[in-house]
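Me: I have a structure on my screen and would like to learn how to read it. Can we take a few features in turn?

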Amino acid sequence: MNINILSSNVNGNLQPGLNMAFPCPIFFKRLVISPPIIDKLSKKYLKEAHDTLGTVTSNVGGWRSEEDFFESTHYEEKQFKMILQDEIMDMFSQVNTGDQGSISLSDIDLTGWVNINFSHDFKKSHVHAGAHWAGVYYLDIKTKNGSQNTGQIDFTDPRNGSFSSYYKNSPFFPPRISHMPQKGELILFPCWLYHNVCPSPDLEYRISIGVDILVKKDFYAS
């Protein structure tokens with residue numbers, strides 16, 4: 001099947017056959033990070049979750065750090081930031097095409113925080129206001145008896161009117177996209193895409209790093 005992804009370029013936009021309008025990109029990758037870094041970060045933030053109250057946003061239960069993860073001067077956070085920056089640049093190289101131009105590290109601001117969910121904790125449906133892209137990296141996950149139920153993340157179709165029963169069996173109109181996360185996975189997506197995190201009775205803990213990406217470059221300046 002040949003699918004043409006439409007853009008705002010009016011020259012030769014529609015092509016014969018199936019055209020995709022307003023696609024919603026989701027970037028997914030499994031990262032390879034040194035086990036000692038993962039282990040040290042996991043122990044550090046599990047202790048912090050035990051010793052402090054944390055903050056509350058969309059989380060119901062669990063623990064959330066302040067949004068200062070990337071401001072840390074510790075080796076492990078700095079190494080993770082460098083790896084994440086490479087992946088963000090890879091993502092931008094794939095989604096920034098045509099007249100939009102390229103993006104460099106100096107064009108973006110990163111905000112990061114740590115989430116820890118335990119059994120039955122969850123996150124309400126939300127978006128990430130004040131950013132352009134959002135993301136999550138699953139640092140460490142432990143379940144009871146090796147269960148695969150790690151607490152799925154759901155992405156909701158942002159298109160109004162797509163919930164009609166007529167569309168329910170079409171791969172082009174799913175009401176939601178769900179993913180059961182595994183340790184080491186990175187997901188990046190547009191900040192306006194509503195998403196929630198489901199509870200899992202089998203979860204001992206799931207440690208993730210939330211990310212907001214703000215593009216400072218003014219594409220309307222020229």
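Reply: Let us start with salt bridges. A salt bridge is a side-chain nitrogen of Lys or Arg within 4 Å of a carboxyl oxygen of Asp or Glu. By this rule the structure has eleven salt bridges. Two notes on the source: this is a predicted model, where local features need pLDDT of at least 70, side-chain atom pairs count only at pLDDT 80 or more, and totals for chains, interfaces and linings use all residues. Residues are numbered from 1 along each chain as its sequence is written, and side-chain values use heavy atoms, with hydrogens and water left out.

Me: How far apart are the closest N and O atoms of Arg30 and Glu185?

Reply: They are 3.6 Å apart, and the two residues form a salt bridge. Now place them in the chain. Helices (H or I, at least four residues) and strands (E, at least two) are DSSP runs, numbered from the N terminus. Arg30 is in strand 3 (residues 27–30) and Glu185 in strand 11 (residues 185–190). They are 155 residues apart, so this pair links distant parts of the chain.

Me: What else is Arg30 in contact with?

Reply: Contact means heavy atoms within 4.5 Å. Leave aside neighbours within four places in sequence. Arg30 is then in contact with Gly184 and Glu185. Take Arg30 and Tyr138: they are 108 residues apart in sequence, and their C-alpha atoms are 9.5 Å apart in space.

Me: Where do Asp51 and Lys47 lie?

Reply: Both lie in helix 1 (residues 35–51). They are four residues apart, about one turn of the helix. Asp51 is partly exposed at 49%. Lys47 is exposed at 54%.

Me: And what joins Asp157 to Arg159?

Reply: A salt bridge, with the closest N and O atoms 2.9 Å apart. Asp157 is buried at 9%, whereas Arg159 is partly exposed at 33%.

Me: How do I read the span of a helix?

Reply: Start with the expected value. The expected span is 1.5 Å times one less than the number of residues. Helix 2 (residues 75–95) has 21 residues, and 30 Å is expected. From first C-alpha to last, helix 2 reaches 31 Å, close to that value.

Me: Which residues of helix 2 are buried?

Reply: They are Glu76, Glu77, Phe80, Leu84, Gln85, Glu87, Ile88, Met91 and Phe92. Next, look at what covers them. The cover includes strand 3, helix 1, strand 6 (108–117), strand 8 (133–143), strand 11 and strand 13 (203–215).

Me: How do I read a sheet?

Reply: Find which strands pair. Two strands pair if DSSP finds at least two bridges between them. Here, five strands form an open sheet in the order 4-7-12-9-10, with antiparallel pairing. Strand 4 (59–60) and strand 10 (176–179) stand at the edges. Each has a single partner strand, so one side of each is left without a neighbour in the sheet.

Me: How many bridges join strand 9 to strand 10?

Reply: Four bridges join strand 9 (residues 153–156) to strand 10, and the two run antiparallel. For one partner, pick Phe155: its bridge partner in strand 10 is Ile177.

Me: How do I read aromatic pairs?

Reply: Rings of Phe, Tyr and Trp (its six-membered ring) pair if their centres lie within 6.5 Å. Planes under 30 degrees apart count as stacked, over 60 as edge-to-face and the rest as tilted. A search of the whole structure finds seven aromatic pairs. One of them is Tyr45 with Phe69: the centres are 6.0 Å apart and the planes at 40°, a tilted pair. Tyr45 is in helix 1, and Phe69 is in the loop between strand 5 (63–64) and helix 2. They are 24 residues apart, and the pair links distant parts of the chain. Tyr45 is buried at 7%, and Phe69 is buried at 3%.

Me: Why is the pair of Phe69 and Phe80 edge-to-face?

Reply: The planes stand at 85° and the centres are 5.8 Å apart, so the pair is edge-to-face. Phe69 lies in the loop and Phe80 in helix 2, so the pair ties together parts that are eleven residues apart in sequence. Phe80 is buried at 2%. Ring pairs link Tyr45, Phe69, Phe70, Phe80 and Tyr137 into a cluster.

Terms used:
Buried means under 20% relative accessible area, exposed over 50%, partly exposed in between (1.4 Å probe, protein chains only).
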